[in-house]
Amino acid sequence: MKLYPECVPCMLQRAMMFCRDEDDRTKREVMRKLCKLFSEEISKDITTTELAFERNRVIEELTDNRDPMKDLKEESFNAALKVYSALKSYVEGEKNDRERFKKALKIALAGNIIEFGARDHRVNLEKLEDEIFDVVKGKLSIDDTDKIYEKVKNSREILYVTDNAGEVVFDKIFIQELTKYAKIYVSPLSRPVQDDACVEEIKKTEIDESCEIIPRGDFIGIWFDKCTPEFLKKFDEVDFIIAKGMGCYETLVDHPERLKRRIALLMKAKCLPVARDINVPLGSAVVKLL
């Protein structure tokens, strides 16, 4: 997705979040370098992912901190664990296969609310169970769930691309359901980036006990030019792909030649540019076949 003008202040806001524990001198230096970077790079041709990658590189170099969201990731992960049992029971209580699949999918989708730094979005971890069930029992602005269910039923191998760290607790519920239909490969980031899930969080959920992990790189979404060779190979081989979050949407939408109606996008449209780009109201829940 190409950069919208509104993306720029949001990126600077996230930068301040990444630097929240630094002294004022470091914060000023970060802002000075980022303003210079943005003034040179912002154009109608640059993508959100490309600019965010360069922003993160600048911050890491100046702060010498490769995991500035570690505390928030741990807090969100622990909050998700507290409501895991209630959500798992909600799914297991459904005996109809199709309906159980839909409930598990919506729980994974609802987990996408656990994101920090988006200018138009806030999550309340103290009321996480209520906020999750609001999404699970709410309406979808785009609903391709039935089509996705049919795709899953006819798949032998599925690649599951994760998003934020806390939400992988809820991904586990959906992945357990998916393993009834196909072999599942799970693809987190190779190392910590922002508040996204990396290999460490996948192992903490024990998802790796039933699925193979295929790290995809050190960037947001699915940036084909920088993905690991192992990820690219599996992306092309599998029958179906489930991609979580706005970062996946922002990176996939520019590559229609790779979509081929074999990717399920699960996300909350948590910012105005993404909502506008996919043509849904801000805050919408989206389950879309790409």
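1. A salt bridge is taken here as a side-chain nitrogen of Lys or Arg within 4 Å of a carboxyl oxygen of Asp or Glu, and E60 forms one with R66, the closest N and O atoms being 4.0 Å apart. E60 counts as buried, since its relative accessibility is 18%; buried stands for under 20% relative accessible area, exposed for over 50% and partly exposed for what lies in between, with a 1.4 Å probe and protein chains only.

2. The model is predicted, so that local features need pLDDT of at least 70 and side-chain atom pairs count only at pLDDT 80 or more, whereas totals for chains, interfaces and linings use all residues. Residues are numbered from 1 along each chain as its sequence is written, and side-chain values use heavy atoms, with hydrogens and water left out.

3. A search of the whole structure finds 30 salt bridges, and one of them joins the side chains of E61 and R57 at 3.2 Å, N to O. E61 is exposed at 57% relative accessibility, while R57 is partly exposed with a relative accessible area of 35%.

4. What does the pairing of R191 with D218 tie together? The closest N and O atoms of this salt bridge are 3.8 Å apart. R191 lies in the loop between β3 (183-187) and α9 (199-205), and D218 in the loop between β4 (212-213) and α10 (229-237), so the pair ties together parts that are 27 residues apart in sequence. R191 is buried at 17% relative accessibility, and D218 is partly exposed at 28%. Elsewhere, salt bridges that share partners join R98, E99, K102, D146, E150 and K153 into one network.

5. Helix α2 (residues 24-41) has 18 residues and reaches 25 Å from its first C-alpha to its last, which is close to the 26 Å expected at 1.5 Å a residue, the expected span being 1.5 Å times one less than the number of residues. Its buried residues include T26, K27, V30, M31, L34, L37 and F38. They cover an arc of only 130 degrees around the axis, and therefore lie on the same side of α2; the arc is that of the directions from the helix axis to the C-beta atoms. R25, R28, S39 and E40 are exposed on the other side of α2, whereas the buried residues of the helix pack against α1 (7-18) and α3.

6. I114 sits in the loop between α5 (97-110) and α6 (128-136) and is buried, with a relative accessibility of 1%. Leaving aside neighbours within four places in sequence, I114 is in contact with S76, A80, V123, L128, N164, G166, E167, F170 and D195, where contact means heavy atoms within 4.5 Å. The C-alpha atoms of I114 and P215, which are 101 residues apart along the chain, are separated by 21 Å.

7. Grid points are joined across faces, edges and corners, and a volume is the space filled by probe spheres set on the points. The largest pocket has a volume of about 200 Å³. Of the 14 residues that line the largest pocket, T47, E50, W223, D254 and H255 are the closest to its centre, and α3 and α11 (245-252) each supply at least two residues of that lining.

8. The search of the whole structure finds three cavities of 30 Å³ or more, and the largest cavity has a volume of about 390 Å³. It is lined by 25 residues, of which R14, T48, E115, M246 and E250 lie nearest its centre. The elements giving two or more residues to the lining of the largest cavity are α1, α3, α11 and α12 (272-278).

9. Two backbone values deserve a look. D64, in the loop between α3 and α4 (70-92), has a positive phi of about 55 degrees although it is not a glycine, and D64 is exposed at 73% relative accessibility. K260, in the loop between α11 and β6 (263-268), has a phi near 60 degrees, a positive value in a residue other than glycine, and K260 is exposed with a relative accessible area of 62%.

Conventions: Helices (H or I, at least four residues) and strands (E, at least two) are DSSP runs, numbered from the N terminus. On a 1 Å grid over the protein atoms alone, a cavity is a set of points where a 1.4 Å probe fits but cannot get out, and a pocket is an open set with protein on both sides within 12 Å along at least five of seven lines; lining residues have an atom within 4 Å of a point.
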